[in-house]
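Dear colleague,

I am handing over a structure to you with this email, and I would ask you to keep it open beside the text as you read.

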Amino acid sequence: MRVLVTPDYRTLSCQAAEIIADAVRFEPRLTLGLPTGSTPLGMYEELVRKHSGENLDFSRVKTFNLDEYIGLAPNHPRSYHTYMHLHFFDHVHIPMKHIHIPDGAPGIDTDLESIRYEQAIQQAGGIDLLVVGIGSNGHIAFNEPGSSFASRTRMVDLARETRANAGRYFVSEDEVPRRAITVGIGTILESRRILLLASGSGKSDAVARALQGPVSEDMPASALQGHSDVTAILDAAAAPCRDEC
Ligand code: GLP
């Protein structure tokens, strides 16, 4: 695993965007796996800037988001559908038919949706470059501690810590959905290339355990140690402690 430690969040965002931009320029028909959360916001902003300022062309790129809450309609202000359109898709001219996000709308048959989503990834030829954040408990996408490293797209219960962290985006923590559809760790590990992003001191423990600790299903992100092409981009605050700690 390559680990890049950047001085600050802005540099992290620019480096992540540059890696994606290079990959899209090299292979315009790239299939991307895309995350949500606060960490990738700067990366999306930079990609939008590259689209308008440097003519970075996303018109042939396909995207698969990693997860979505269950029980929120796509147009709900806190759905990941809304997040993605607001921060990225509405600004970079990706054809709608190239955009994939799990459907967690109320009443959805989550088993069927999970199978459909996993098949759609396979039919697209798999994910070339998957970008993923990390939860403070080590989750990746919504694969909480205890998730099998062989897991595929499925419905999951969200951990209390995950819902507490997400509470800041909702009126109250009670409003945070209890379940989500997420791609599995097995799905993630089949991606050809993985970019892990982590920012802020709240992530440093999880990052240390994920990158340097034992590989264990108690720490979902540690599964990435078994992948042959992972680049972790950390800002200084998220980097595992060194001499000064
Ligand atoms: C949510 C998302 C994850 C994301 C995580 C961390 O749980 N489903 O994909 O990595 O939040 O979010 P943040 O970047 O806001 O810390």
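This is a predicted model: local features need pLDDT of at least 70, side-chain atom pairs count only at pLDDT 80 or more; totals for chains, interfaces and linings use all residues.

Residues are numbered from 1 along each chain as its sequence is written, and side-chain values use heavy atoms, with hydrogens and water left out.

The model holds an open sheet of 7 strands in the order 1-10-9-6-2-3-5, with parallel pairing, where strands are DSSP runs (E, at least two residues) numbered from the N terminus and two strands pair if DSSP finds at least two bridges between them. At its edges are strand 1 (2-6) and strand 5 (99-100), each of which pairs on one side only. Strand 2 (residues 31-34) runs parallel to strand 6 (residues 129-132) and is joined to it by 2 bridges, and G33 stands opposite L130 of strand 6.

As for polar contacts (pairs of N or O atoms within 3.5 Å), a side-chain N or O atom of S38 is 2.7 Å from an oxygen atom of the ligand, and one of D67 is 2.8 Å from a ligand nitrogen atom.

With kind regards

Notes. Helices (H or I, at least four residues) and strands (E, at least two) are DSSP runs, numbered from the N terminus. A polar contact is a pair of N or O atoms within 3.5 Å; within protein, one must be able to donate a hydrogen and the other to accept it, and residues adjacent in sequence count only if both atoms are side-chain atoms.
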